[in-house]
Amino acid sequence: QVQLVESGGGLVQPGGSLRLSCEASGRILSINTMGWYRQAPGKEREFVALVTSGGSTTYADSVKGRFTISRDNAKNTIYVQMNSLKPEDTAVYYCHANIRGIVDYWYNEIWGQGTLVTVSS
């Protein structure tokens with residue numbers, strides 16, 4: 001079974017930094033795009049950033065210049081370095097990936113369980 005496991009969430013003060021990781025594991029044949037979404041209390045889940053298998057990146061306007069997404073294909077892992085954090089960045093951050101398992105005919109959307117990031121003084 002293919003799964004995504006996030007780590008790195010926690011409490012940080014405004015202006016601080018945090019790095020999240022997401023590792024894909026299981027019987028994986030190929031991984032296409034990987035990325036991050038977030039859901040703040042009382043709000044819908046929103047896109048944060050993604051990285052393709054070739055390394056191209058896309059960011060939400062709200063995090064451009066502050067967040068950096070990266071990918072290690074050898075480890076099936078992505079990271080997001082979050083700098084200059086603001087209280088409005090507080091949310092549960094979810095990892096997302098399009099993964100083809102060895103028994104799959106095509107790619108499936110896989111979600112992680114989420115990791116909480118709280119930005120507060």
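A contact, in this report, means heavy atoms within 4.5 Å. By that rule, and leaving aside residues up to four places away in sequence, Glu109 touches His96, Ala97 and Asn98. The structure is a predicted model, in which local features need pLDDT of at least 70 and side-chain atom pairs count only at pLDDT 80 or more, while totals for chains, interfaces and linings use all residues. Residues are numbered from 1 along each chain as its sequence is written, and side-chain values use heavy atoms, with hydrogens and water left out.

**The chain as a whole**

The secondary structure comprises 0 helices and 11 strands; here helices (H or I, at least four residues) and strands (E, at least two) are DSSP runs, numbered from the N terminus. The radius of gyration is 14 Å, close to the 14 Å that the globule rule gives for 121 residues, so the chain is as compact as a globular protein of that length. This radius is taken over C-alpha atoms, and the globule rule is 2.2 Å times the number of residues to the power 0.38. The C-alpha trace spans about 45 × 25 × 20 Å along its principal axes. Of the contacts with a separation of 6 or more, 57% are between residues 24 or more positions apart.

Of the 121 residues, 41% count as buried. Buried means under 20% relative accessible area, exposed over 50%, and partly exposed in between (1.4 Å probe, protein chains only). Glu109 and Val2 are 107 residues apart in sequence and 10 Å apart in space, C-alpha to C-alpha.

**The disulfide**

A disulfide is a pair of cysteine sulfur atoms within 2.5 Å. The structure holds 1 disulfide, which joins Cys22 to Cys95 with an S to S distance of 2.0 Å. Cys22 lies in strand β3 (residues 18-25) and Cys95 in strand β9 (residues 91-101), so the pair ties together parts that are 73 residues apart in sequence. The link of Cys22 and Cys95 is left-handed, with -85° about the S-S bond. Cys22 counts as buried because its relative accessibility is 0%, and Cys95 is likewise buried at 0%.

**Salt bridges**

A salt bridge is a side-chain nitrogen of Lys or Arg within 4 Å of a carboxyl oxygen of Asp or Glu. The count comes to 4 salt bridges, including those in the table.

| Residues | N to O distance |
|---|---|
| Asp89 and Arg38 | 2.9 Å |
| Asp89 and Arg66 | 2.7 Å |
| Lys64 and Asp61 | 3.2 Å |

Arg66 lies in the loop between β6 (57-59) and β7 (67-72), so its pair with Asp89 ties together parts that are 23 residues apart in sequence. Arg66 is buried, as is Asp89. Salt bridges that share partners join Arg38, Glu46, Arg66 and Asp89 into one network. Asp61, by contrast, is exposed, with a relative accessible area of 65%.
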